Amino acid sequence: MMLLSIWTISLGNSASPTTYEFIVIDPKTGNAIIPADKIIPLANYIKQLEELNKNLKKQIEIYERMKENYEMQIESLKAENERLQKELAEKKKENFWEKVRSISWQVLAIINVGTIIYIFLKGG
């Protein structure tokens, strides 16, 4: 598998600065070989890939922790939203009954004023 990866890396465009050509085809035998002068650069490249992999794993762990924190925040916000929805429903209910009381008192006041005016006009 590693040889396949190295072969794939070496097949890139040689004009690119990030292309590494580690495998050479032996003109006599036609076999793919890694020349001695390419072993150290190959080892360094493998080390860079390992470091990159390690850093990416750390980033994944950080993102997973962030995801967990966001999920906890979402749950907290959902609970807060539910509490506020209940509070709003209670306030609306209270407000409705306050309006009913206010209208009832206004109706009673109008009836009383009307009755008093009727009594005074009737003369009695």
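**Fold, confidence and surface of a predicted chain**

Trainee: What pattern does the protein chain follow when read along the sequence?
Mentor: The order along the protein chain is α-β-β-α. Please keep in mind that this is a predicted model.

Trainee: How many helices and strands is that?
Mentor: The protein chain has two helices and two strands.

Trainee: Where is confidence lowest, and where is it highest?
Mentor: Helix H1, residues 2-10, has the lowest confidence, with a mean pLDDT of 48. The highest belongs to helix H2, residues 36-122, at 92.

Trainee: What about the stretches below 50?
Mentor: Residues 1-8 have a pLDDT below 50, and in the model this stretch makes nine contacts beyond near neighbours in sequence. Residues 10-16 are also below 50, with eight contacts of that kind.

Trainee: Switching topic: what share of the residues is buried?
Mentor: Of the 124 residues in the protein chain, 6% are buried. The chain exposes about 11,100 Å², and 62% of that area is supplied by carbon and sulfur atoms.

Trainee: How many of the contacts join residues at least 24 apart?
Mentor: The share is 17%, counted among contacts between residues at least 6 apart in sequence.

Trainee: Which residues form the nonpolar patch on the surface?
Mentor: The patch consists of Ile 62, Tyr 63, Met 66 and Tyr 70. Together they have about 420 Å² of accessible area.

Trainee: Where is Tyr 70 found?
Mentor: Tyr 70 lies in helix H2.

Trainee: Why does Tyr 70 count as partly exposed?
Mentor: Its relative accessibility is 48%, and partly exposed covers values between the 20% limit for buried and the 50% limit for exposed. Tyr 70 therefore counts as partly exposed.

Trainee: Now the aromatics. How many aromatic pairs does the structure hold?
Mentor: There is one aromatic pair in the structure. The rings of Phe 96 and Trp 97 form an edge-to-face pair, because their planes are at 70° and the cut-off for that class is over 60 degrees. Their centres are 5.1 Å apart.

Trainee: What are the relative accessible areas of Phe 96 and Trp 97?
Mentor: Phe 96 has 47% and is partly exposed. Trp 97, at 45%, is likewise partly exposed.

Terms used
Residues are numbered from 1 along each chain as its sequence is written. This is a predicted model: local features need pLDDT of at least 70, side-chain atom pairs count only at pLDDT 80 or more; totals for chains, interfaces and linings use all residues. Side-chain values use heavy atoms; hydrogens and water are left out. Helices (H or I, at least four residues) and strands (E, at least two) are DSSP runs, numbered from the N terminus. Buried means under 20% relative accessible area, exposed over 50%, partly exposed in between (1.4 Å probe, protein chains only). Contact means heavy atoms within 4.5 Å. Accessible areas come from the Shrake-Rupley method with a 1.4 Å probe; for residues, only the protein chains shown count as cover. pLDDT is the predictor's confidence in each residue, from 0 to 100. Patches are made of residues with over 30% relative accessible area and no salt bridge: like charges are joined within 9 Å, nonpolar side chains (Val, Leu, Ile, Met, Phe, Trp, Tyr) within 5 Å. A salt bridge is a side-chain nitrogen of Lys or Arg within 4 Å of a carboxyl oxygen of Asp or Glu. Rings of Phe, Tyr and Trp (its six-membered ring) pair if their centres lie within 6.5 Å; planes under 30 degrees apart count as stacked, over 60 as edge-to-face and the rest as tilted.
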